[in-house]
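Colleague: I have just opened this one and would like to go through it with you. Could you start with whatever I need in order to read the contact numbers?

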Amino acid sequence: MALATVLSTWGSAPRPAGSYLAVREDGRFVGSVSGGCVENAVVDEARRVLASDVPTVVAYGVSDEEAWEVGLACGGRVEIRIEPIT
């Protein structure tokens with residue numbers, strides 16, 4: 001599985017630092033790191049991490065163009081580490 005952990009937040013963010021999301025290879029998950037479309041983007045990224053076995057840090061924020069695409073238009077920013085767990 002891959003473990004996604006909220007490293008930091010700024011402004012309005014649905015989940016605090018330290019929140020977790022565990023993702024299986026088939027995309028099933030438990031936990032929460034943000035909610036809505038951001039969570040879907042994190043699940044997709046976690047599946048890529050599982051395929052490559054390389055951890056990553058992703059960030060979504062209102063100043064990022066991608067923020068609107070994934071639904072983080074609340075004025076906040078969230079940074080999430082995603083790592084494979086064996």
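Modeller: Two residues are in contact when heavy atoms of theirs lie within 4.5 Å. Please keep in mind that this is a predicted model. Among contacts in the protein chain between residues at least 6 apart in sequence, 45% join residues at least 24 apart.

Colleague: What is the pattern of helices and strands along the sequence?

Modeller: The protein chain has two helices and five strands, and read along the sequence they follow the pattern β-β-β-α-β-α-β.

Colleague: And how much of the chain is buried?

Modeller: Of the 86 residues in the protein chain, 37% are buried. The chain exposes about 4800 Å², and carbon and sulfur atoms supply 51% of that area.

Colleague: Switching to the sheet, in what order do the strands sit?

Modeller: The five strands form an open sheet in the order 3-2-1-5-4, with antiparallel pairing. Strand 3 and strand 4 (56-61) stand at the edges with a single partner strand each, so one side of each is left without a neighbour in the sheet. Neighbouring strands of this sheet are turned by 20° against each other on average, with direction ignored.

Colleague: How many bridges hold strand 1 and strand 2 together?

Modeller: Strand 1 (residues 2-10) and strand 2 (residues 20-23) pair in the antiparallel sense over four bridges, and within this part of the sheet Ala4 stands opposite Leu21 in strand 2.

Colleague: What about helix 1, how far does it reach?

Modeller: Helix 1 has 17 residues and reaches 25 Å from its first C-alpha to its last, which is close to the 24 Å expected at 1.5 Å a residue. Its buried residues include Val38, Val42, Val49 and Leu50, and also Glu39 and Glu45. Just after helix 1, Asp53 takes a positive phi of about 60°.

Colleague: Glu45 is a charged one, so which residue does Glu45 form a salt bridge with?

Modeller: Glu45 forms a salt bridge with Arg48, and the closest N and O atoms are 2.9 Å apart. The two residues are three apart in helix 1, so about one helical turn separates Arg48 and Glu45. An α-helix has 3.6 residues a turn, so residues three or four places apart point the same way.

Colleague: Are those two partners buried or exposed?

Modeller: They fall into separate classes, since Glu45 counts as buried at 18% relative accessibility, whereas Arg48 is partly exposed with a relative accessible area of 49%.

Colleague: How many salt bridges are there in the structure?

Modeller: The structure holds three salt bridges.

Definitions and conventions. Residues numbered from 1 in each chain as written. Predicted model: local features only at pLDDT ≥ 70, side-chain atom pairs only at ≥ 80, totals over all residues. Heavy atoms only, no water. Buried < 20%, exposed > 50% of the residue type's maximum accessible area, 1.4 Å probe, protein only. Areas by Shrake-Rupley, 256 points an atom, 1.4 Å probe, with all protein chains shown as cover. Expected span 1.5 Å × (residues − 1). Pairing = 2+ DSSP bridges. Axes fitted to C-alpha atoms, helices over the stretch in contact; angles between N-to-C directions. Salt bridge = Lys/Arg side-chain N within 4 Å of Asp/Glu carboxyl O.
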